[in-house]
Amino acid sequence: MFDEEGYRKLFVEESRENHENIVNNLLALESGEDQQTAIDEIFRSAHTLKGMSASMGFDAMEHLCHSMEDVFSLIRNGQREVTASLTDLLLTCTDTIEGMLDAIEAGGNPSDEQSGSLVQELRAFTEEESRDEPEASYEAAPPEPAGEGDCRPAYTLTVAIDPSSTMKDIRAMLLLQNLQEIGTILSTTPSQELLEDGKFDGPFEILIESGAGEDALRTVASGTEISLLDLSASQSPPAVSPGMNEEDRTPEQNLEPQTAVPSAQVQRVTKSEKSREIKNIRVDIQRLDRMMNLVEDLVINRGRLELIAKKHGIKEFDEALSMVGRSVSDLQNLMMGIRMMPLERIFNRLPRVVRDVANHDGKEVEFTIEGGETELDRSMMDGLSDPLLHIIRNAVNHGIETPEIRKTCGKPPKGSLRMTARRDKDNVIIEIEDDGAGIDPEKLRKKAVSKGLMTPEAAASAAKDDLVSLLFEPGFSTADTITDISGRGVGLDVVKKTIASLKGTIKVETEVGRGTKFELVLPPTMAIIDVMMVHINGMRCAIPVGNVVEVAQTKMEAIHRIGNSEAILLRDQTLPLHRLEDMFGRAEKSDTLVVLQNDGRRCCITVDTVDGQQEVVVKPLSRIAGNCRGISGITIPGDGDVVPVLDVNTMV
Amino acid sequence: MGRILIVDDTMFMRTLLKNILFSGGHDIVGEAADGAEALARYRELKPDLVTMDVVMPNVNGIEALKAIKASDPSAKVIMCTAVGQEQMVKLAVKSGARGYIVKPFQAPKVLEEVKNVLSA
């Protein structure tokens with residue numbers, strides 16, 4: 001059975017999907033895509049959100065969604081146009097809903113505080129519109145033919161509907177319809193029409209002719225929210241023209257041929273819908289993480305078993321173990337696959353950002369996204385969201401020019417912003433390219449000097465690439481003024497740092513007048529990497545293979561002391577030398593050098609021996625251990641040892 | 001107690017309803033996420049009763065109700081509705097719906113309606 005927490009989780013999850021659906025369709029609506037579908041989708045999602053939040057008792061959210069639904073109900077009926085100001089209002093509503101969902105996820109119940117004024121605004125919208133609108137009408141049942149007057153007894157029923165009933169008109173309608181099944185209604189007081197419109201207070205009377213007997217009438221007239229106050233045999237003869245008769249009640253006759261769904265069509269839709277249902281299941285992320293941990297334990301223990309088998313030389317055991325090993329490897333790969341998520345999950349939020357920034361700046365931007373299906377490890381998704389947001393904001397804010405400027409440059413007034421994601425052999429590559437003004441190297445040159453990052457001489461002779469790479473230096477911003485859109489105290493230096501923490505790199509290419517392109521290269525997953533295992537002072541240590549340039553033997557004489565540190569001359573290059581003594585203690589004879597690099601910078605360390613290369617699962621350091629400079633995580637190879645993984649980034 | 005098919009496009013609502021119906025001793029024989037799936041599941045499972053959401057993607061609740069009633073005139077369908085949808089529900093009643101329940105669901109009311117419709 002589900003508990004409160006279970007409902008809340010499911011509620012948040014499905015509400016977020018619906019929220020996203022509303023945002024995306026609002027944007028689609030604005031861009032003039034398939035209007036009707038977008039309106040229907042928004043209406044449906046708002047309605048779903050309303051129903052779910054009402055069920056959870058989140059009243060503020062229910063009211064807000066209800067008001068949105070009302071607005072879209074009018075739009076759907078063609079009684080209201082979608083204007084830019086309405087879209088803005090609705091987008092503000094979606095922001096509020098998102099905030100509410102965050103609060104709900106954190107265990108709260110949002111108040112009307114934020115949403116109250118929005119509800120008012122939406123209401124003003126619907127009321128103003130609906131004043132002279134006729135009420136939406138449903139198709140009235142066609143006039144019924146007169147029944148054959150037979151000699152069944154007639155009864156007068158006095159019935160009351162529970163005053164707490166939410167839809168007493170429908171309750172009355174259902175009652176009349178159920179009575180029609182066992183008899184013929186001759187008349188009602190008030191009239192059937194008034195009853196079905198809910199225009200009645202207190203009990204009402206039904207004169208019915210039925211051969212089913214009093215008991216049957218009692219049963220039917222005592223349904224949900226209905227109480228039978230009185231049932232008496234009526235003396236009055238059957239009326240001439242009954243409202244409906246029971247032969248008409250077969251429901252398929254009520255079906256309009258054109259509105260009934262042809263079953264063949266339904267079946268076809270069913271097939272694809274069904275396969276969707278089977279293909280996807282929801283799994284809690286934490287469960288997935290726990291499962292991943294178990295798989296990792298399995299990998300580690302398989303390694304231990306292999307060592308034992310080797311030690312004792314049992315052939316049969318060895319064979320069985322290799323079978324187990326294969327299954328474990330498959331399982332591990334499968335789990336890695338399950339952790340992958342399409343980039344769409346974060347890309348979907350970006351069109352909204354582009355729209356807002358473009359509107360704010362009076363710019364026109366065509367934003368296209370390609371390759372949203374490219375997958376990335378779930379754990380990296382969160383980290384990637386902010387850098388992308390920042391780059392996109394920058395591109396619209398600083399890159400793309402206003403339509404007027406663009407026209408004078410001979411460009412189309414609408415700027416283009418393209419984001420593409422793809423997977424190459426080892427990496428996921430995300431490119432963000434605009435056709436804006438580009439970054440002027442001369443401006444960079446001046447700024448570099450004024451910020452004291454370069455001497456005037458160095459700046460004058462600096463290559464364009466070096467100047468552009470200054471963008472990633474802390475505090476370096478090319479915009480003349482800091483805006484409230486891009487300049488949120490976060491610079492490209494933070495973007496670069498974040499990408500680096502995801503083991504990725506970022507590059508920028510720019511051409512004055514032509515535009516700017518950012519390229520992000522990321523490993524698809526951080527959990528499993530190839531490492532080189534080495535011994536330092538008798539202790540094992542793993543180095544990510546991506547950071548290793550070469551392994552060399554050297555004589556102690558080649559090591560030079562420069563101030564407090566050591567360096568080594570290797571192939572005409574002077575490389576700083578680290579002995580990692582503070583981590584592993586001083587080694588007696590470490591004459592093997594490993595040259596490391598990160599982001600173009602190199603250094604080397606001394607090790608006792610190089611043991612080989614292997615694929616390992618990297619686990620983050622536990623929170624108890626805290627941040628450990630120089631160590632990016634730990635791994636547990638087959639023998640059960642805990643081996644630190646070097647963080648080369650902090651060494652070079 | 002009845003064998004019931006639950007039709008709603010959100011797992012949240014299906015779960016909620018499932019638990020209410022289960023607590024009333026009913027047997028939930030299946031679930032469907034939209035109208036098209038509802039008809040297929042109905043034909044396959046032949047439940048005693050269907051709870052049908054009105055607003056759903058692809059094929060909505062009214063269309064699904066009509067299709068189910070066309071395939072089995074004796075089908076018992078209860079509409080799951082919300083305030084503001086009276087016109088839709090009236091249309092559903094005219095199309096053969098036997099009852100309705102209103103969101104947010106109140107367990108006693110849901111169970112009462114289900115019981116009444118099943119016994120009718």
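## A:Val159 and its surroundings

Leaving out neighbours up to four places away in sequence, A:Val159 contacts A:Leu175, A:Pro203, A:Phe204, A:Ile206, A:Ala221, A:Ile226, A:Leu228 and A:Leu229. Two residues are in contact if their C-beta atoms, placed from the backbone, lie within 7 Å. The model is predicted: local features need pLDDT of at least 70, side-chain atom pairs count only at pLDDT 80 or more, and totals for chains, interfaces and linings use all residues. Residues are numbered from 1 along each chain as its sequence is written, while chains are lettered from A and ligands numbered from 1 in the order in which they are written.

A:Val159 lies in strand E1 (residues 154-161) of chain A. Helices (H or I, at least four residues) and strands (E, at least two) are DSSP runs, numbered from the N terminus. A:Val159 has 24 other C-beta atoms within 10 Å, so it is buried. A residue is buried if 20 or more other C-beta atoms lie within 10 Å of its own, exposed if 12 or fewer, and partly exposed in between, with C-beta atoms placed from the backbone. A:Val159 and A:Ala221 are 62 residues apart along the chain, yet their C-alpha atoms are separated by 7.4 Å.

## A:Leu228 in strand E4

A:Leu228 belongs to strand E4 (residues 226-234) of chain A. A:Leu228 counts as partly exposed because it has 18 C-beta neighbours inside 10 Å. Beyond four places in sequence, A:Leu228 touches A:Leu157, A:Val159, A:Arg218, A:Ala221 and A:Ser222. A:Thr158 is 70 residues from A:Leu228 in sequence, and their C-alpha atoms are 6.1 Å apart.

## Chain A overall

Chain A holds 21 helices and 22 strands. Of its 652 residues, 33% are buried. Among contacts in chain A with a separation of 6 or more, 68% join residues 24 or more positions apart.

## The six-stranded sheet of chain A

One open sheet in chain A has six strands in the order E14-E18-E19-E17-E16-E15, with mixed pairing. Strand E14 (548-553) and strand E15 (559-562) are at the edges; each has a single partner strand, so one side of each lacks a neighbour in the sheet. From one strand to the next, the twist averages 35 degrees. Axes here are lines fitted to C-alpha atoms, for helices over the stretch in contact, and angles run from 0 to 180 degrees between N-to-C directions.

Two strands pair if DSSP finds at least two bridges between them. E15(A) and strand E16 (residues 565-570) run antiparallel, joined by four bridges. A:Ile562 has A:Ser565 in E16(A) as its bridge partner. These two strands, E15(A) and E16(A), form a hairpin with two residues between them, and A:Gly563 in the turn has a positive phi of about 60 degrees. E16(A) also pairs with E17(A), antiparallel, over five bridges. There, A:Ala567 stands opposite A:Pro576 in E17(A). E16(A) and E17(A) form a hairpin with two residues between them; its turn includes A:Arg571, with a positive phi of about 45 degrees. Strand E17 (residues 573-578) pairs with strand E19 (residues 601-607) in the parallel sense, over two bridges. A:Leu577 faces A:Cys604 in E19(A).

## Chain B and helix H2

Chain B has five helices and five strands. From the N terminus, its elements run β-α-β-α-β-α-β-α-β-α. Of its 120 residues, 65% are buried. Residues 24 or more positions apart make up 60% of the chain B contacts with a separation of 6 or more.

Helix H2 (residues 35-45) of chain B has eight of its eleven residues buried, so it is largely enclosed by the rest of the structure. The buried residues in H2(B) are B:Gly35, B:Ala36, B:Glu37, B:Ala38, B:Leu39, B:Ala40, B:Arg41 and B:Tyr42. B:Lys46 follows H2(B) and has a positive phi, near 45 degrees.

## Nonpolar cores

A nonpolar core is a set of buried Ala, Val, Leu, Ile, Met, Phe, Trp, Tyr and Cys residues joined through C-beta atoms within 7 Å. The largest has 100 residues, of which B:Val50, B:Met52, B:Ile68, B:Ile78 and B:Met79 touch the most other members. At least three of its residues come from each of domain 1 (4-130) and domain 2 (154-246) of chain A; these bounds come from an automatic or database domain assignment.

Beyond four places in sequence, B:Ile78 touches residues including B:Leu49, B:Met52, B:Tyr100, B:Ile101 and B:Val117. A second, separate core has 39 residues, among them A:Leu376, A:Leu384, A:Leu471 and A:Phe518. In soluble globular proteins, nonpolar side chains tend to be buried together.
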